[in-house]
Amino acid sequence: MATSIELKQIKKAYGDVAVIHGVDLTIDPGEFTVFVGPSGCGKSTLLRMIAGLEPITGGDLLIDGQRMNDVPAARRGIAMVFQSYALYPHMNVYQNLAFGLETAKMPKAEIELRVQRAAEILKIEPLLKRKPKQLSGGQRQRVAIGRAIVREPKIFLFDEPLSNLDAELRVAMRVEIAKLHNDLGNTMIYVTHDQVEAMTMADKIVVLRSGIIEQAGAPLELYNNPRNLFVAGFIGSPKMNFLNASVEGTSLKASGTEIALGRDVSGAKTLGIRPEHITLTEGSGVKFADVRVDLVENLGGQTVLYATTSDGQSLTIVLEGQRSVELGSMVSAYLDPAKAHVFDAEGTAIR
């Protein structure tokens, strides 16, 4: 049975320096939760407190309803996978997987059963007799994950496990970890600064900044309804465009153009538009700017334009397919009012 986790006003301070400021969060049984945010936001610190590797300064950590603040890491039913593989170089893969179980005095037959099961799940059976130096980066990361699987924990914690891999391997391992979650059904918490990983893997994304939760919810909830400018700019790739705006009667004015969004825009100071929600096709939406094309990236399946509005603001446009757009040309940009985002002077979304 999967495990629930609850954080109640969790705080962390190093002396007089507070780094986590009263976090409240519920992680449901079997949920894949991703902590995401910029460097220094507190995501790894929060993970380490859940693991028992950092003492909790204030608040309560509950696992399946039981307070765990003072319970040693080894008794929390948690296995952690780090950015560093930390494999024993003198041991082969089988020995690396079995070592922790042998240290715990587990019967040999049970150890063999668990190692073989983990190897099957991760498809590393042919590698069991190899030493770490004979493995690729992706294979080493599989072994590191296998070392967690053999412990049969209630909760898996991942601390930026794919950071050392190249782009192609990152995508492949991302898929493998998502499949692993589907197969095992365990509660998992995954820390990353890569919002693409967060969007593609998570049941729930928790966006952190400066030790507080800015927003938590399903990936598409955060994408479609960001609570503020920070979340809007962090979720989505390329990031959302932000244009200075003001209110003219019942309309929004941005880049010298009045835009009727069909809803209340009182107090609006910023217009947000995702690059993929902008078109160059007349009649496909509301015209909001004439822009100069400064750079064109032809990616095959998409064409990305980097442009400048008439009042000097930057705009990124993502067009589907292969488009022929000349550098330095002027084009008209259109948006669907229903997909526009509006923010007030404090950066809070105006619904």
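Ala, Val, Leu, Ile, Met, Phe, Trp, Tyr, Cys and Pro count as nonpolar, Asp, Glu, Lys and Arg as charged, and the others, Gly among them, as polar. The model is predicted, so local features need pLDDT of at least 70 and side-chain atom pairs pLDDT 80 or more, while totals for chains, interfaces and linings use all residues. Residues are numbered from 1 along each chain as its sequence is written, and side-chain values use heavy atoms, with hydrogens and water left out.

**Exercise 1.** Work out what lines the largest pocket.

*Solution.*
- Start with the term: on a 1 Å grid over the protein atoms alone, a pocket is an open set of points where a 1.4 Å probe fits, with protein on both sides within 12 Å along at least five of seven lines; lining residues have an atom within 4 Å of a point.
- Next, the space: about 530 Å³.
- Then find the centre: of 24 lining residues, Ala-79, Met-80, Phe-82, Arg-147 and Arg-151 are the closest to it.
- Now the elements (DSSP runs numbered from the N terminus; helices are H or I, at least four residues, strands E, at least two): S6 (78–81), H2 (93–103) and H4 (137–149) each give at least two residues, and H2 leads with six.
- Finally, sort by class: 18 nonpolar, four polar and two charged.

**Exercise 2.** Do likewise for the second largest pocket.

*Solution.*
- Its volume is about 220 Å³.
- Among its 16 lining residues, Asn-224, Asn-225, Ala-338, Ala-340 and His-341 sit nearest the centre.
- Helix H7 (219–224) and strand S20 (341–344) each supply at least two; S20 gives the most, three.
- By class, the lining holds eight nonpolar, four polar and four charged residues.

Definitions and conventions. Points joined across faces, edges and corners; volume = space filled by probe spheres on them.
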